[in-house]
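Please look at the sequence and the structure before reading on.

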Amino acid sequence: MLYGVPQGSVLGPLLFLIYINDLNVAIKYSTTRHFADDTTLLIKNKSLKQLKKHLNLDLRFLCNWLRANKISLNASKTELLLFHHHKKVIDYDLRIKINGKRLMPSKSVKYLGVLIDHHLNWIHQINLLSGKLSRANGMLTKIRHYVPINIITSIYYAIFSSLMTYSSIVWGQAQNINTNRISTLQNKALRTITFSSPRDSSNPIYLNKKILKFNDNIKLQNFLYVHDSLHEKLPTVLNKIFEPSNLKHNYCTRFSSQHQIPLYRVNTQIYGLNSIKYKAISFWNTMVNKFPNRNLQNQKRSYCKLLITKDILDSYN
């Protein structure tokens, strides 16, 4: 082989990553993100005119690089997503072209199994997931009569919980009418596998099965997200976004001794109060304040997970 990498080999993915490793050098204005053969360009600008100009230039640079490296591009599978506030109407004619083919802005794009929409309110993702979870509930209803309770619980984790929790820390932050649909479907699933009546309270069921509710599971993920970041176990870009008070100044205060993280000021509900960072800091501070003698920041991740899970389950009593 003179060009490319062997397909289907063990070394194939690694060789391909090496092969496209310098693609970002050819891009001038955008930030490049790679996942296997999925490449994303992210560009931001307050001026739509400048955004159009810079993105078209970068797409031209991209095509030139691909052509020089003997890689073909399927322009029909290339999608364009313009992120903007839901109250701001975009009436500018954004003419973006790649390989001579014009890209029309989409309302949502599926990326790594998650539907990302142009307003970042995750309605499309929740609509898609609700359909999948409804079908999973149908399967649980049919098979619960033929398997013991421990097997049906394992099936719940396999075909329902795995779908519900996948990337939920990203799309599940806003506790509104959309995410409430997911909680309702989870309640139905738990009542189904335990043969409970639709009118029965769900709290005893969750407590008995030691399963966290959807919103509570998001809170646990938020805490572990901060914990992993402080211990630098995440990608580099995510390891410096949280800074405890004891690192911001040398004064010994109760706030700093408990390793709490100062909350920043926000101006919006959707992109401020319901952002991952804001909610993660809020729940982190709640937990370290609730267990001041446990020194949670310096504890192992597994210990913190068990402690918080038990605390949430106890609240179901």
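Helix axes are lines fitted to C-alpha atoms over the stretch in contact, and the angle between two of them runs from 0 to 180 degrees between N-to-C directions. Helices are DSSP runs of H or I with at least four residues, strands are runs of E with at least two, and both are numbered from the N terminus. The model is predicted: local features need pLDDT of at least 70, side-chain atom pairs count only at pLDDT 80 or more, and totals for chains, interfaces and linings use all residues. Residues are numbered from 1 along each chain as its sequence is written, and side-chain values use heavy atoms, with hydrogens and water left out.

**Two helix pairs**

Helix α9 (residues 214-230) packs against helix α14 (residues 301-314) at an angle of about 155°, and their axes are 11 Å apart. Angles under 35 degrees count as roughly parallel, over 145 as roughly antiparallel, 65 to 115 as roughly perpendicular and the rest as oblique; α9 and α14 are therefore roughly antiparallel to each other. Their crossing is right-handed, a term used if the near helix is turned clockwise from the far one by less than a right angle. On the α9 side, Asp216, Leu220, Phe223, Leu224, His227 and Asp228 make the contact, and on the α14 side Arg301, Cys304, Lys305, Ile308, Thr309 and Ile312. Contact here means heavy atoms within 4.5 Å. By class, the contact of α9 with α14 has six nonpolar, two polar and four charged residues. In this scheme Ala, Val, Leu, Ile, Met, Phe, Trp, Tyr, Cys and Pro count as nonpolar, Asp, Glu, Lys and Arg as charged, and the others, Gly among them, as polar.

Helix α4 (residues 123-143) and α5 pack at about 170°, with axes 9 Å apart. These two helices, α4 and α5, are therefore also roughly antiparallel to each other. Leu129, Lys132, Leu133, Ala136, Asn137, Met139, Leu140 and Ile143 of α4 meet Ile152, Ile155, Tyr156, Ile159, Phe160, Leu163 and Met164 of α5. The contact of α4 with α5 has 13 nonpolar, one polar and one charged residues.

**Single residues**

Is serine 168 buried or exposed? Serine 168 is buried, with a relative accessible area of 1%. Buried means under 20% relative accessible area, exposed over 50% and partly exposed in between, with a 1.4 Å probe and protein chains only. Serine 168 belongs to helix α6 (residues 168-171). Apart from residues up to four places away in sequence, serine 168 touches Gln173, Phe214, Asn217, Ile218 and Gln221.

| Side chain of | Partner | Distance |
|---|---|---|
| Serine 168 | Side chain of glutamine 221 | 2.9 Å |

A polar contact is a pair of N or O atoms within 3.5 Å; within protein, one must be able to donate a hydrogen and the other to accept it, and residues adjacent in sequence count only if both atoms are side-chain atoms.

Most residues other than glycine have a negative phi. Serine 167, in the loop between α5 (149-165) and α6, has a positive phi of about 60°. Serine 167 is partly exposed at 24% relative accessibility. Lysine 210 has a positive phi of about 55° and lies in the loop between α8 (203-209) and α9. With a relative accessible area of 60%, lysine 210 is exposed.
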